[in-house]
Every structure is written in structure tokens, then in C-alpha cells.
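What follows is a walk through one protein structure, taken element by element. Keep the sequence and the model in view while reading.

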Amino acid sequence: MDQPLIYPTPFDAIVVGGGHAGCEAAWAIAQNGFAVLLITLDIDRIAQMSCNPSIGGIAKGHLTKEIDALGGIMGRVADASAIQYRTLNASKGPAVRSSRVQCDTQLYRRQMLRMLSSNPHIALVQAKVDDIILEDNVVTGVLVEGNILYRTRCAILCTGTFLRGLCHIGEHHFEAGRSGDGVSTRLSHTLERLGIQLKRLKTGTPPRISAHSLDFSQFEVQPGDDEITRLSFYGNAPLLPQVPCHIAYTTQHTHDIIRAARERSPLFNGTIHGIGPRYCPSIEDKVFRFADKERHQIFIEPMGLETDEIYPAGISSSLPFDVQLAFIHSIPGFEHAHVIRPAYAVEYDAIESGQMTHGMALRAIPSIFIAGQINCTSGYEEAAAQGLMAGINAVHFLRNEPPFVLRRDEAYIGVMVDDLVMRGTDEPYRMFTSRAEFRLSLREDNADERLSEYGHREHLLADDDYQKFLNKHALIEELSAKLPTMRAADIDRSRLTNPDAIPSAGNLAQLIKMPEVTMDILAQGNDEIAAYPHEVRRSVEIHHKFDGYIQREAARIEAFVEMENRKIPKDFDYTKVHGLTTEVLTKLQKYRPASLGEASRLPGLTPAAINAIWITLRK
């Protein structure tokens with residue numbers, strides 16, 4: 001090969017991929033004053049919402065709030081493009097309530113590009129990466145198509161579904177990271193040459209349909225919340241016009257059409273080899289796996305304020321286009337649906353579990369960081385959270401500092417990263433509240449309380465925003481201290497919608513623990529309480545109502561942290577531990593857990609094995 005053209009300007013870091021992970025990674029690095037180059041296949045499709053037009057959801061809202069508290073940008077961009085706000089699980093406990101917004105996808109993309117372009121430390125390049133250049137196992141450059149070399153000190157791979165991407169629409173197969181886009185093949189070969197193990201995963205997307213061709217009178221209306229909860233603690237984007245979503249249902253006729261086409265489905269005839277997301281199955285997968293169900297929900301979500309496209313969540317498919325048309329037209333309200341873009345599945349390369357550290361770096365090549373779907377996850381929010389952590393840790397690498405790692409008791413981000421490192425995954429990983437052992441402490445409403453100090457320390461959360469957090473925290477402390485000093489008599493019952501909701505005796509710290517008493521009710525009858533912002537009153541209410549549970553969880557967290565603090569030296573010889581099986585010994589030598597806590601989360605590590613390691617360590 002001819003000598004490459006060396007680009008004259010060197011960069012501190014290069015981010016490969018302009019999706020949700022790549023945007024957060026580039027932002028985190030640039031906010032620390034380092035020069036970062038973001039390489040993407042198409043600049044016009046940076047932060048493309050390739051699948052659903054929403055941010056947040058169950059546990060995903062928690063991740064988005066945590067990204068924002070750390071100083072990331074997903075929440076701010078989502079608020080700037082939000083056309084519907086909804087709180088999921090609103091009738092359940094505060095631990096599992098999650099915010100979700102429908103976004104105008106074009107506005108989201110434009111706003112993200114605007115933010116990245118406004119940062120003087122971020123340079124954008126439209127190119128395809130062919131190779132990563134190493135010297136003494138350290139990244140020195142990234143080679144792109146056309147034999148151009150960009151020099152750098154580290155690389156962050158956020159390649160999404162573009163590594164050897166292969167799309168499927170029935171018998172029609174074509175190379176693409178997503179329909180209409182290119183594919184990266186040489187980078188997969190580079191990773192394999194560097195000794196990185198890859199595997200094939202699969203995801204899919206539903207058809208896009210013209211709203212004008214649907215009969216909305218046959219659908220259930222799903223309005224947004226009257227009282228909205230922004231995804232960003234610190235952003236101040238103006239509120240856009242809000243629009244409703246709708247719900248439709250498949251029928252038995254829909255299912256019969258899909259069953260009859262089983263042999264033509266790439267999912268069932270052996271064409272697709274990649275493993276798909278269990279918690280976001282295609283419609284054909286749902287029809288065969290849940291054969292007893294008479295119907296499946298379809299969420300009809302608008303793609304934006306100025307487009308006719310709707311996203312019918314729930315009918316992802318890789319069936320042939322003629323079958324897609326048939327089953328779509330069998331859905332009530334979809335009889336005359338015009339399909340703008342067909343549904344398809346995409347297979348892609350991802351990095352096999354067990355090759356990444358808690359600092360988001362490859363164990364074998366510490367100057368390469370990975371985030372997003374290349375790391376066996378699914379979802380915008382999971383990708384963005386990883387991208388943010390990869391960017392922060394690239395900064396730590398550049399400064400020769402220890403990695404920044406969030407524990408499982410500190411953040412959902414910590415849960416996710418630890419799951420990926422210590423437990424691995426055989427399928428695209430998705431975050432759920434059930435994955436968090438300490439979810440009552442890891443609520444959406446207190447993400448800023450948990451993480452804003454970190455965000456400020458990492459130079460991502462601006463001084464003004466951090467001061468806003470400190471002011472809110474002070475008000476929470478003030479109101480919490482005030483409640484025990486105030487009595488039921490301090491509430492003007494004549495102003496209450498339901499005067500009987502408040503007992504006639506007791507201090508307010510006692511009364512607020514009662515299920516029927518809320519801070520909003522107290523605020524109705526007391527101007528002093530009403531003067532506090534809603535989010536302050538909400539935080540105080542949750543803390544008082546669930547104080548006993550929170551204290552019990554705090555005791556469990558203390559025991560957890562104690563195990564995390566029992567460190568295992570990097571060069572610890574596990575062969576000296578008496579009684580370990582060969583399988584357990586192999587896992588310990590592969591993953592090299594940094595603490596007894598990490599070791600305890602390795603699959604197959606029994607309490608007896610952990611105790612044996614601890615005894616050997618003490619000796």
C-alpha cells in the first residue's frame with residue numbers, strides 16, 4: 001500500500017461513529033479542552049433516531065437523567081425537540097417511575113449537530129474508517145478510506161450497526177448499517193487482526209407509514225401529561241407544540257398472515273444468524289412465541305411536527321414486503337395504509353463480552369474505548385450513557401489518571417457497565433429497573449443529587465448549572481428541616497379541595513408519611529410550602545414517605561460497598577486459592593476482578609469460592 005496522506009492536524013482523541021454514543025463521547029472529551037475528531041459516514045445523519053422517535057422510558061429515563069446530571073447532552077437535546085411528555089408507571093412507586101418523550105426526529109438531529117458544531121474542540125469528518133494504527137500496542141492513528149491518516153492518542157469506537165451490517169427484507173438482502181446508508185467492513189477485519197473477538201447480533205425496525213393514510217377514529221388516543229417533567233435538570237429549551245400518540249391492535253387475521261409466511265421469514269428460515277433483542281422482538285417473533293395472545297399492541301408515534309411519517313412501534317419485521325403489506329392492511333385503521341419505508345432487520349458485528357474494563361477500554365488495548373451497540377447493547381439511552389463514560393475515561397487516559405467508574409449503588413449507568421463487564425450478555429442488552437439492586441435509591445428525581453458533583457468535577461457540568469444544583473439541594477434540606485416544626489394547624493383547610501385529606505393533629509413530617517397526604521395538598525393550604533419549587537417538594541415527599549425503606553436499603557448499600565472495598569491485587573495468583581474449580585479459576589483469570597464485590601458478580605462464583613479468595617487474601 002502507498003504511504004498514507006497524513007492529515008496535518010493531530011487530535012487527542014478520535015471518535016468513530018456519530019450516533020448517540022459517539023456524540024456524548026465527543027462532547028465529554030471536548031468539554032475537557034482536548035481536541036477530538038468525530039468521524040461519521042454521513043454528517044447529515046449525526047444523532048439519527050434510526051429506530052423509535054423517543055428518548056426515555058422504563059429505566060431508560062433514569063439513564064437519560066443520569067447523563068444530564070453528569071453534564072451530558074442527550075436530555076437537553078431531547079427537551080429541545082420534545083413533542084410529547086409522559087411519565088410511565090406514574091401510579092407505581094417512585095423507584096420505577098420513568099420519563100419518556102416523543103421527539104421530532106429532524107429537530108433532534110439538527111439540535112445535536114448544532115451543539116457539536118458550536119464546540120471549538122470538536123472537528124467533524126465524513127469518512128469511512130478502514131484501520132486503526134498501533135505502535136507498541138498504543139493507538140497512534142486512524143486510517144480512513146482514501147488512504148488518509150488522522151493522528152491521535154486514543155480512539156473511541158461507537159460504530160452502531162455498521163460493522164459488516166447486513167439488512168434483510170424477506171429474500172432481499174443488502175449490505176448496510178441501516179437502510180439507505182453504507183457499511184464498514186474493513187474495520188471489522190482490523191479488530192479481528194488485533195485479536196478482538198467479534199460476534200453477530202441483530203436488531204430490527206418497523207415500517208414507516210403515512211399518517212394521512214390511516215383511520216385514526218379506530219385508534220385509542222394516548223395524550224401526553226398535563227404536568228410535564230423535563231428530561232434535563234439544567235436545560236431551558238422552550239416547550240414545543242405537544243401532540244398525542246395513539247394505540248392500535250393486531251388481529252387474529254394479522255397473525256394468520258404472518259404464520260403462513262413463516263418459511264419466508266429470514267428470522268426462521270436460517271438466513272439471519274445474529275441474536276436479536278429478547279425484550280424488543282419482531283412481530284413475527286411475538287406471533288410464534290406468544291401464540292396464545294389474540295392481539296398485540298401497536299403504539300402509533302409521530303416522527304415530527306412537519307412530517308407525515310409515523311412510527312408503528314410493535315411491528316418490527318424482516319418479512320418480505322408483500323407479506324408486510326398484507327399484515328399491515330389487516331390491522332384495524334391500517335386498511336389503506338401507505339408504507340413509506342419497509343420494515344427490515346439488520347445484522348452487525350459486536351465485540352464479544354469479557355474484553356472490556358469498567359473504564360470502557362479494551363483490556364488488550366487500553367487506548368481503545370468502546371460504547372453502544374458494538375458493546376452488545378440496544379437503545380439510544382444505553383448507548384449515550386456508555387459514550388459519556390467512554391469519553392470521560394478517554395480524558396482520564398489522556399491525563400494518565402485512574403478510570404472513572406460508577407458503582408452499582410451510585411447509578412443505573414454503574415449497573416449497566418458492571419453487568420456488561422462482569423456478567424456479559426449473549427443478546428443485545430437493555431436496561432430495566434429490575435437489574436438494579438438499589439433502585440429505591442437510584443430514582444429519576446434524585447439523579448442530580450447522586451451525580452451532579454461528579455459531573456462538575458469532571459468539567460462537564462458548568463459552574464452555573466452546578467450552582468443551580470447546590471441551590472436546589474439547599475432548599476430540599478431547608479424544607480425537610482421545616483416540616484417537623486410545622487403543625488396540621490398551619491394548613492388552611494378552607495383552601496383545600498378535600499379538607500378531610502389532612503388530619504387535625506400532628507406535625508407535617510408525620511402527616512406526609514400518610515399515603516393520602518401529599519406535598520401538593522400541603523402546598524394548597526400553606527403559602528410557605530407552596531413557595532418551594534415543585535421538584536423540591538417532590539423530593540422531600542419521597543424521602544419522608546419512604547424513609548424506612550431508604551434506610552434499610554442504605555444498610556445493604558453499606559455492606560455492598562464494604563465488599564467493593566476489599567480489593568484484589570492485579571497480580572493475585574488464583575491458583576493458590578484452595579478449592580476453586582477449573583471453571584471458576586478460568587473465569588477469575590480471564591476477568592481479573594478488582595474486588596471481592598466484582599468477583600461475587602461473576603456467573604458461577606459461589607459464596608464459598610468468594611470466602612476462599614478472602615481467606616487467601618488475608619493470609
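This is a predicted model: local features need pLDDT of at least 70, side-chain atom pairs count only at pLDDT 80 or more; totals for chains, interfaces and linings use all residues.

Two strands are said to pair if DSSP finds at least two bridges between them.

Strands of a sheet pair through backbone hydrogen bonds, in either a parallel or an antiparallel way.

The sheet can be followed strand by strand from E16. E16 is joined by three bridges to strand E17 (residues 245–249), and the two run antiparallel. Within this pair, Gln-222 has Cys-245 of E17 as its bridge partner. E17 is in turn joined to strand E18 (residues 297–302) by four bridges, again antiparallel. Here His-246 stands opposite Ile-300 in E18. The next step is from E18 to strand E19 (residues 309–313), an antiparallel pairing over four bridges. Phe-299 has Ala-313 in E19 as its bridge partner. How many residues lie between E18 and E19 in the hairpin they form? There are six residues between them.

Another antiparallel pair is made by strand E5 (residues 82–88) and strand E6 (residues 98–103), with six bridges joining E5 to E6. Tyr-85 stands opposite Val-101 in E6. Five of the seven residues of E5 are buried, so this strand is largely enclosed by the rest of the structure.

Among the helices, H1 covers residues 20–31. The distance from the first C-alpha of this 12-residue helix to its last is 17 Å, close to the 16 Å expected at 1.5 Å a residue. Is H1 largely enclosed or left open, and why? Of its 12 residues, 11 are buried, so H1 is largely enclosed by the rest of the structure. The buried residues include His-20, Cys-23, Glu-24 and Trp-27, along with Ile-29 and Ala-30. After H1 comes Gly-33, which has a positive phi near 85°.

Two packed helices are described by the angle between their axes and the distance between the axes. For helix H2 (residues 60–69) and helix H11 (residues 447–457), the angle is about 35° and the axes are 7 Å apart. The crossing of H2 past H11 is right-handed. On the H2 side the contact is made by Lys-65, Glu-66 and Ala-69, and on the H11 side by Ala-447, Asp-448, Arg-450, Leu-451, Ser-452 and Gly-455. By type, the residues of this contact comprise three nonpolar, two polar and four charged.

Leu-479 lies in helix H12 (residues 463–482). Its relative accessible area is 0%, so Leu-479 is buried. With neighbours within four places in sequence left aside, Leu-479 is in contact with Met-519, Tyr-532, Val-536, Arg-537 and Val-540. Glu-541 is 62 residues from Leu-479 in sequence, while their C-alpha atoms are 9.9 Å apart in space.

Thr-190 is found in helix H5 (residues 186–193). With a relative accessible area of 4%, Thr-190 also counts as buried, because buried means under 20%. Residues up to four places away in sequence not counted, Thr-190 touches Asp-130, Asp-131 and Ile-132. Thr-190 and Arg-592 are 402 residues apart along the chain, and 26 Å separates their C-alpha atoms.

Two loop residues remain. Asn-137 lies in the loop between strand E8 (129–135) and strand E9 (138–144). Its phi is near 65°, which is a positive value in a residue other than glycine. Asn-137 has a relative accessible area of 37% and is partly exposed. Arg-164 is in the loop between strand E11 (155–157) and strand E12 (166–169). For Arg-164, phi is near 50°, a positive value in a residue other than glycine. Arg-164 is partly exposed, at 23% relative accessibility.

Definitions and conventions: Residues are numbered from 1 along each chain as its sequence is written. Side-chain values use heavy atoms; hydrogens and water are left out. The expected span of a helix is 1.5 Å times one less than its number of residues. Buried means under 20% relative accessible area, exposed over 50%, partly exposed in between (1.4 Å probe, protein chains only). Axes are lines fitted to C-alpha atoms, for helices over the stretch in contact, and angles run from 0 to 180 degrees between N-to-C directions. A crossing is left-handed if the near helix is turned anticlockwise from the far one by less than a right angle, and right-handed if clockwise. Contact means heavy atoms within 4.5 Å. Ala, Val, Leu, Ile, Met, Phe, Trp, Tyr, Cys and Pro count as nonpolar, Asp, Glu, Lys and Arg as charged, and the others, Gly among them, as polar.
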